Each structure stands twice: as C-alpha cells, then as structure tokens.
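These are my notebook entries on a single protein chain. I record what I looked up, entry by entry.

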Amino acid sequence: MSAPPVLMPDAVAVMTGYLRARLVARGNTTPVVSRVPSPRPPRFVRFERIGGPASSPVTDRPRLDVHCWGADEEDAHDVMQLCRALLGAARGPYTGTVLARPAVGGPQWLPDPASGQARFAFTFDITLRGTAL
C-alpha cells in the first residue's frame, strides 16, 4: 500500500504571517511581503524562497532569503537585526506547521540596484510539516 500524497505549506506565506504577527505584537507596522510593493514604502521586509529540499516524506526544509529595506543604512540595519532576532527565536508549532530554529546566514549589505534604497539581507532554513491528502 502506498503512502498518501503530502501537501506542503507555502513557506513564504507561513513566514510572512509569522514575522508580521511578531512585529505587530511589538507595535511595529513594517510591511512584511513576498513582492516589492509599488510604490515602495521607506521600510519593508520581503521573503523569497531560494530552494531547500524535502527532508522526509512529510517535512520540507525551505531556504529563505529575507531582504530588509530602510530609509537609510541605519534604518535598514535596525529592521534587519530585529527580524533576525524574532526569526531566531522561532519555535513550532505555528499554524499547523513545525518551525525549527532558523540557521541564519548573513547579514549582508545589499543596496537595491534598481532604486538605490538601503537594504540588508540574510538567509535561513526552517522545517515545515506537510498535511496528508
């Protein structure tokens, strides 16, 4: 008998919701998005999945880039450090998934080439549990 198919959650949707809720709980209304907003606000955070394998038939190990834009270098750095701290404390379960502590790579200074806006980025991995169909 074969195992049922397993539907994995959208890692970007899970993490944007997770971080947005943690920021709002601190009184911080920085937009947390999956696409660069138009028009660009002076400060925002963008998640992008850049890979990562399934680690078992029921778990996924997404690798995510987090880009943190700010009004200037200091502002971008401050939002990046806050996001790193909040994501570094991530523990599961959250909305039906399992979050492992992120393995953080970075930070790196990456001024936006299209806009010239200040930006820092870092990379981390999480573990998510799928749902049997």
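**Entry 1. Order of elements**

The tally is two helices and 10 strands. The radius of gyration is 16 Å, close to the 14 Å given by the globule rule for 133 residues, so I note the chain as being as compact as a globular protein of that length. Along the principal axes, the C-alpha atoms fill a box of roughly 60 × 30 × 25 Å.

**Entry 2. Confidence**

The model is a predicted one, and I therefore looked up its confidence before going further. The mean pLDDT of the chain is 89, with 92% of residues at 70 or more. Where is confidence lowest, and where is it highest? Strand E4 (residues 54–56) has the lowest mean, 81, and strand E2 (residues 32–33) has the highest, 98.

**Entry 3. Burial and contacts of the whole chain**

I find that 41% of the 133 residues count as buried. Among contacts with a separation of 6 or more, 59% join residues 24 or more positions apart. The chain exposes about 7000 Å², and carbon and sulfur atoms supply 55% of that area.

**Entry 4. Helix H1**

H1 has 15 residues, and the distance from its first C-alpha to its last is 21 Å, close to the expected 21 Å at 1.5 Å a residue. At its N-terminal end I found a cap: a side-chain oxygen of Asp 10 lies 3.0 Å from the backbone nitrogen of Val 12. The buried residues of H1 are Ala 11, Val 12, Val 14, Met 15, Thr 16, Tyr 18, Leu 19 and Leu 23. An α-helix has 3.6 residues a turn, so residues three or four places apart point the same way. I then asked which elements cover the buried residues of H1. The cover includes E2, E3, E6, H2, E8 and strand E9 (128–129). Just after H1, Gly 27 takes a positive phi of about 80°.

**Entry 5. Helix H2**

At the start of H2, a side-chain oxygen of Asp 72 comes to within 3.2 Å of the backbone nitrogen of Glu 74. Buried in H2 are Asp 75, Ala 76, Val 79, Met 80, Cys 83, Leu 86, Leu 87 and Gly 88. Their cover includes helix H1 (11–25) and the strands E3 (44–51), E6 (63–70), E7 (105–109) and E8 (118–125).

**Entry 6. Arg 46**

A polar atom of its side chain lies 3.2 Å from the backbone oxygen of Ser 34. Leaving out residues up to four places away in sequence, I list the residues that Arg 46 touches as Val 33, Ser 34, Arg 35, Val 36, Asp 65, Val 66, His 67 and Trp 69.

**Entry 7. Strands E4 and E5**

Ala 54 is in E4 and Thr 59 is in E5 (residues 59–60). Ala 54 is exposed, because its relative accessible area is 56% and the cut-off is over 50%. Thr 59, at 12%, is buried. Beyond neighbours within four places in sequence, Ala 54 is in contact with Thr 59, Asp 60 and Arg 61. With residues up to four places away likewise left out, Thr 59 touches Met 8, Ala 54, Thr 127, Leu 128 and Arg 129. The side chain of Thr 59 also makes a polar contact of 2.8 Å with the side chain of Ser 56.

**Entry 8. Cis peptide bonds**

Which peptide bond ending at Pro 39 did I record as cis? The bond runs from Ser 38 to Pro 39, with omega near 5°, and Pro 39 is placed in the loop between E2 and E3. The peptide bond from Gly 106 to Pro 107 is also cis, with omega near 0°. Pro 107 lies in strand E7.

Methods. Residues are numbered from 1 along each chain as its sequence is written. Side-chain values use heavy atoms; hydrogens and water are left out. Buried means under 20% relative accessible area, exposed over 50%, partly exposed in between (1.4 Å probe, protein chains only). Helices (H or I, at least four residues) and strands (E, at least two) are DSSP runs, numbered from the N terminus. Contact means heavy atoms within 4.5 Å. A polar contact is a pair of N or O atoms within 3.5 Å; within protein, one must be able to donate a hydrogen and the other to accept it, and residues adjacent in sequence count only if both atoms are side-chain atoms. The radius of gyration is taken over C-alpha atoms; the globule rule is 2.2 Å times the number of residues to the power 0.38. Accessible areas come from the Shrake-Rupley method with a 1.4 Å probe; for residues, only the protein chains shown count as cover. pLDDT is the predictor's confidence in each residue, from 0 to 100. The expected span of a helix is 1.5 Å times one less than its number of residues.
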